[in-house]
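This report examines one predicted model. It treats selected residues, the sheet and the helices in turn.

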Amino acid sequence: MYLPEIRVIQLDSPIESLVWTIRHLRRGEAFPKSHEEVSIKKITKEAYFRAVRIWEFMAPFFASRGYRLHTKDTKSDYMFPAPLPKHPETTYPFARLVHNKHDRFFWGSPTIWGARDQFGRDVVIKMISDLSCPSQELRALQRLNSKNLRSDPYNHSIPVLDFLTFDNLVFVVMPRWEDAFTAEFEIVIELMEITKAFLEMFVLLHKNKIVHLDFLCQNTSMNVILDDYELLKTKGLRRPGEVKYALIDFGNAVVYPEDTVIKNVVATRPLNYWLRSLPEIEGPYNPFKADIAFLGSQMEYKVRHIENIIPEIGPFFDNLKGMMDDTQFTALQALSRFLEIYESLTPEQLQTPLVTKAWKNGEHPVVSLFPQYF
């Protein structure tokens with residue numbers, strides 16, 4: 001038999017605290033005291049259902065702040081929005097409206113939930129920190145969304161709409177965007193533009209003494225909402241002036257003091273080199289150099305297959321991956337060199353149609369015959 005925990009739920013006002021404390025006592029299940037209790041790496045079936053119950057318990061709280069949580073489907077990992085009409089506008093920072101047959105949100109993490117705001121705009125809410133002990137992710141997002149940095153043209157991080165606190169848990173509300181690399185790249189300039197955006201982002205990160213340390217294609221986004229299948233088959237999503245890219249998921253980030261000398265920083269935390277097909281590094285390393293290597297390895301896979309059109313791209317990516325090499329570019333040097341390459345290209349090169357999808361370890365490019373498999 002569950003014995004309710006005598007615990008006051010801390011909220012903005014005494015009345016809210018009293019109401020939610022009573023709800024907690026009636027709930028019949030202890031509420032997490034830390035976001036780490038929810039954000040476990042290997043989620044079990046019971047932890048999965050517990051996470052669902054936690055979000056459903058908090059639904060009235062988010063509704064009172066203007067966010068209506070999606071409803072979780074009991075038979076799949078999808079959730080569906082409340083019967084609220086979508087907002088008719090497509091202004092930044094919200095995603096562009098594109099015809100979407102599948103109005104659903106894939107639930108891929110116990111710390112994330114889909115929602116719509118009071119105007120019918122799609123958002124994502126993520127549990128990121130404890131109030132009592134701010135996480136590196138919270139610190140990174142706060143710094144990136146400060147007034148000065150948010151207006152920086154190099155800031156290609158997902159914009160934060162709101163920071164919310166429920167008891168000891170801190171949540172961030174972001175516009176819902178989809179994966180940046182799933183939709184088809186049709187011509188060379190589209191690959192050049194996405195590479196430029198993420199190079200600029202890492203210049204801004206490192207200038208402000210932040211390392212991301214988890215650059216993967218799945219940790220990027222594009223300002224559109226479409227089901228994965230529709231992303232694969234829809235053309236024209238990357239038109240200049242319409243498309244925007246963003247870096248997301250700062251769960252592995254580290255925020256250093258603003259007076260940090262980058263070249264002197266040493267870290268020992270294990271990193272997932274194998275996920276990026278990079279050689280394992282044992283012992284101390286410079287996290288800013290590792291950041292560049294991670295970026296280089298992932299972008300190489302998606303971009304280097306145009307080396308037959310732009311030969312300089314090959315040596316460029318080779319340099320980025322050399323995190324133990326003194327000649328590896330810094331973020332600023334990498335952007336500078338890339339812009340030299342970009343600006344040297346002819347209109348014919350930039351408009352060349354793409355017939356390949358990916359590059360890996362010097363092998364022949366993967367031919368774009370079955371794009372749904374890449």
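Ser-157 is buried, because its relative accessibility is 2% (buried means under 20% relative accessible area, exposed over 50% and partly exposed in between, with a 1.4 Å probe and protein chains only). The residue is located in the loop that links helix H4 (147-150) to strand S7 (162-166); helices (H or I, at least four residues) and strands (E, at least two) are DSSP runs, numbered from the N terminus.

The side chains of Ser-157 and Asn-155 form a polar contact at 2.6 Å. Such a contact is a pair of N or O atoms within 3.5 Å; within protein, one must be able to donate a hydrogen and the other to accept it, and residues adjacent in sequence count only if both atoms are side-chain atoms. With residues up to four places away in sequence left out, Ser-157 touches Leu-144, Arg-150, Met-201, Ala-246, Leu-247 and Phe-250, where contact means heavy atoms within 4.5 Å.

## Basis of the model

This is a predicted model in which local features need pLDDT of at least 70 and side-chain atom pairs count only at pLDDT 80 or more, while totals for chains, interfaces and linings use all residues. Residues are numbered from 1 along each chain as its sequence is written, and side-chain values use heavy atoms, with hydrogens and water left out.

## The open sheet

Five strands, in the order S1-S5-S6-S8-S7, make up an open sheet with antiparallel pairing; two strands pair if DSSP finds at least two bridges between them. Strand S1 (67-69) and S7 are at the edges, each with a single partner strand, so one side of each has no neighbour in the sheet. On average, neighbouring strands of this sheet are turned by 40° against each other, direction ignored.

Strand S5 (residues 112-117) and S6 run antiparallel and are joined by five bridges; Arg-116 stands opposite Asp-122 in S6. Helix H3 (residues 136-144) lies across S6, S7 and S8, at about 125° to S6. Axes are lines fitted to C-alpha atoms, for helices over the stretch in contact, and angles run from 0 to 180 degrees between N-to-C directions.

In strand S8 (residues 169-175), seven of seven residues are buried.

Strand S6 (residues 122-130) is joined to S8 by seven bridges in an antiparallel arrangement, with Ile-125 partnered by Val-173. S7 also runs antiparallel to S8, through five bridges, and Leu-164 has Phe-171 as its bridge partner in S8. S7 and S8 form a hairpin with two residues between them. In its turn, Asp-167 has a positive phi of about 55°; this residue is buried, with a relative accessible area of 9%.

## Helices H7 and H8

The axes of helix H7 (residues 287-303) and helix H8 (residues 313-320) come within 8 Å and cross at roughly 150°. The two helices are therefore roughly antiparallel (angles under 35 degrees count as roughly parallel, over 145 as roughly antiparallel, 65 to 115 as roughly perpendicular and the rest as oblique). Ile-292, Ala-293, Gly-296, Met-299, Glu-300 and Val-303 of H7 make the contact with Phe-317, Asp-318 and Leu-320 of H8.

## Backbone features in loops

The Tyr-92 to Pro-93 peptide bond is cis, with omega near 10°. Pro-93 belongs to the loop between strand S3 (78-80) and strand S4 (105-106).

Leu-213, a residue other than glycine, has a positive phi near 60°. Leu-213 is found in the loop between strand S9 (210-211) and strand S10 (220-222) and counts as buried at 3% relative accessibility.
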